[in-house]
Amino acid sequence: TMDDKSIEKLPESLRNPVREYRSAKQDYDRLANRIDDEVMGLLHSGIPIESLILMVMLRLGEKAEGKLKYKMEELQLSQQLEKNQLNPGDFGLKVKSESVLMQELQAAMQQHSQLMQALSAVMRQVQDLVMTPIRNMR
């Protein structure tokens with residue numbers, strides 16, 4: 001990976017994309033570790049299963065969103081490096097073709113979409129569970 005001095009040697013048009021990519025990667029790594037730790041803590045917390053499922057789903061959705069942002073930054077940087085005929089490996093990127101990067105981005109988008117659909121279904125079920133006693137009292 002590049003240090004700050006190496007980034008300063010880059011053309012002006014590449015400095016911000018490299019910084020944004022590095023920041024997105026570091027943010028995602030921290031987010032993924034934090035969420036994994038939180039999920040493990042939740043699993044051993046003893047809270048009701050409905051709340052547990054909802055909280056885990058929310059955290060997984062947050063993680064998928066972070067991955068999506070990171071993959072978009074990776075694709076943008078890769079495209080800019082290719083345009084300037086620079087090697088992605090010099091910038092901490094794995095050397096991948098644009099089609100592979102697009103497939104990874106598409107997979108991240110699909111995962112995020114599936115998690116949001118599942119979260120929506122869980123929220124509907126929790127609402128139904130809450131409303132059932134109220135309906136039964138009528």
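Which residues of α2 are buried, and which elements do they pack against?

Modeller: This is a predicted model, in which local features need pLDDT of at least 70 and side-chain atom pairs count only at pLDDT 80 or more, while totals for chains, interfaces and linings use all residues. Residues are numbered from 1 along each chain as its sequence is written, and side-chain values use heavy atoms, with hydrogens and water left out.

The setting of the helix comes first. The protein has four helices and zero strands, and along the sequence they follow the pattern α-α-α-α. The radius of gyration, taken over C-alpha atoms, is 20 Å; this is well over the 14 Å that the globule rule (2.2 Å times the number of residues to the power 0.38) gives for 138 residues, so the protein is more spread out than a compact globule. The C-alpha trace spans about 70 × 30 × 20 Å along its principal axes. Helices here are DSSP runs of H or I with at least four residues, strands are runs of E with at least two, and both are numbered from the N terminus.

Confidence is expressed as pLDDT, the predictor's confidence in each residue, from 0 to 100. Its mean over the protein is 86, and 96% of the residues reach 70 or more.

Helix α2 has 32 residues and reaches 47 Å from its first C-alpha to its last, close to the 46 Å expected at 1.5 Å a residue; the expected span is 1.5 Å times one less than the number of residues. Helix α3 (residues 49–83), with 35 residues, reaches 51 Å, close to the 51 Å expected.

The buried residues of α2 are L14, R15, P17, V18, Y21, A24, Y28, L31, A32, I35, V39 and L42. Buried means under 20% relative accessible area, exposed over 50%, and partly exposed in between, with a 1.4 Å probe and protein chains only. An α-helix has 3.6 residues a turn, so residues three or four places apart point the same way. The buried residues of α2 pack against α1 and α3. By contrast, D37, which also lies in α2, is exposed, with a relative accessible area of 58%. Over the whole protein, 30% of the 138 residues count as buried.

Much of this packing can be described through nonpolar cores. A nonpolar core is a set of buried Ala, Val, Leu, Ile, Met, Phe, Trp, Tyr and Cys residues joined through side-chain atoms within 4.5 Å. The largest consists of eleven residues: I7, L10, L14, V18, Y21, Y28, A32, Y70, L77, L81 and L93. Both α2 and α3 supply at least two residues of this core, and its largest share, five residues, comes from α2. Apart from it lies another core, of six residues, including L31, V39, L52 and V56.

Setting aside neighbours within four places in sequence, L93 is in contact with Y21, E74, L77, S78, L81 and P88, where contact means heavy atoms within 4.5 Å. Among contacts in the protein with a separation of 6 or more, 67% join residues 24 or more positions apart.

P11 lies in the loop between α1 and α2 and, at 40% relative accessibility, counts as partly exposed. The loop between α2 and α3 holds I47, which is likewise partly exposed, with a relative accessible area of 30%. Leaving aside neighbours within four places in sequence, I47 is in contact with L42, L52 and M55. The C-alpha atoms of I47 and S23, 24 residues apart along the chain, are separated by 35 Å. For D37 and L129, 92 residues apart along the chain, the C-alpha separation is 28 Å.

Q85 is found in the loop between α3 and α4 (98–137), and has a positive phi of about 55 degrees although it is not a glycine. Most residues other than glycine have a negative phi. At 74% relative accessibility, Q85 counts as exposed.
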